[in-house]
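This briefing sets out the strand pairing in the structure shown below. Please keep the sequence and the model in view while reading the points that follow.

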Amino acid sequence: MERYPVMRDALNSTGREIFYSICNWGEEDTVNWGPEVGNSWRTTQDIFDGWSSVEFNFKWNMKGRERAGPGGWNDPDMLEVGNGGMTLEEERTHFALWSMSKAPLIIGCDLTTVSQDSLDILMNDEIIAINQDPNSEQARCVLGCSWFDSFMRWPSVWTTSLSNGDLVAAVVN
């Protein structure tokens, strides 16, 4: 953990605006000190291209939702949209959940070979706008969730507020 503030200070000394992403694979309890050090901090293990991994990382990332906000975000790892291991419905859900979580939308597929369907998901302006809203409130579960059960096996409802006062809801079934 000691190395991250040293790097933050070095980056800040340049006088340039730099986005500082802390990646230590969710170890060292980053959710508790990351907001004071960087702009995003990994909260999870490495993701892989499959729904169970998306589900695990999303669920784990939600445990620190109160620490995220303008200027700093929990990072459940990159998007697996377009890598071929999920159905289009799973890819759409993955992208929507990361957007609702205000997670960094880091594309993890090869853009030279991605299908048009997957590219359309990654370029959905309305979903990206939810992610990029200045309010930066990470979604919270309001119905159908339990941190100890596999909550994505039945319908769940997630909400987040936008800076204009609108409420966005996502239903995962």
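Strands E1 and E2 (residues 40–42) are paired in the parallel sense, with two bridges between them. The model is a predicted one.

- Three strands form an open sheet in the order E1-E2-E3, and their pairing is parallel.
- Strands E1 (21–22) and E3 (73–75) are the edge strands, each of them pairing on one side only.

**Strand E5 and its burial**

- Strand E5 spans residues 156–161 and is mostly covered.
- Of the six residues in E5, five are buried, where buried denotes under 20% relative accessible area.
- In a regular strand, side chains alternate between the two faces of the sheet.

**Pairing of E5 with E4**

- Strand E4, residues 140–143, pairs with E5 in the antiparallel sense through three bridges.
- Leu 143 has Val 157 of E5 as its bridge partner.

**Pairing of E5 with E6**

- Strand E6, residues 167–172, pairs with E5 in the antiparallel sense, and six bridges join the two strands.
- Trp 158 has Ala 170 of E6 as its bridge partner.
- E5 and E6 form a hairpin with five residues between the strands.
- In this hairpin, Gly 165 adopts a positive phi near 95 degrees.

Definitions and conventions
Residues numbered from 1 in each chain as written. Predicted model: local features only at pLDDT ≥ 70, side-chain atom pairs only at ≥ 80, totals over all residues. Heavy atoms only, no water. Buried < 20%, exposed > 50% of the residue type's maximum accessible area, 1.4 Å probe, protein only. Helix = DSSP H or I, 4+ residues; strand = E, 2+ residues; numbered from the N terminus. Pairing = 2+ DSSP bridges.
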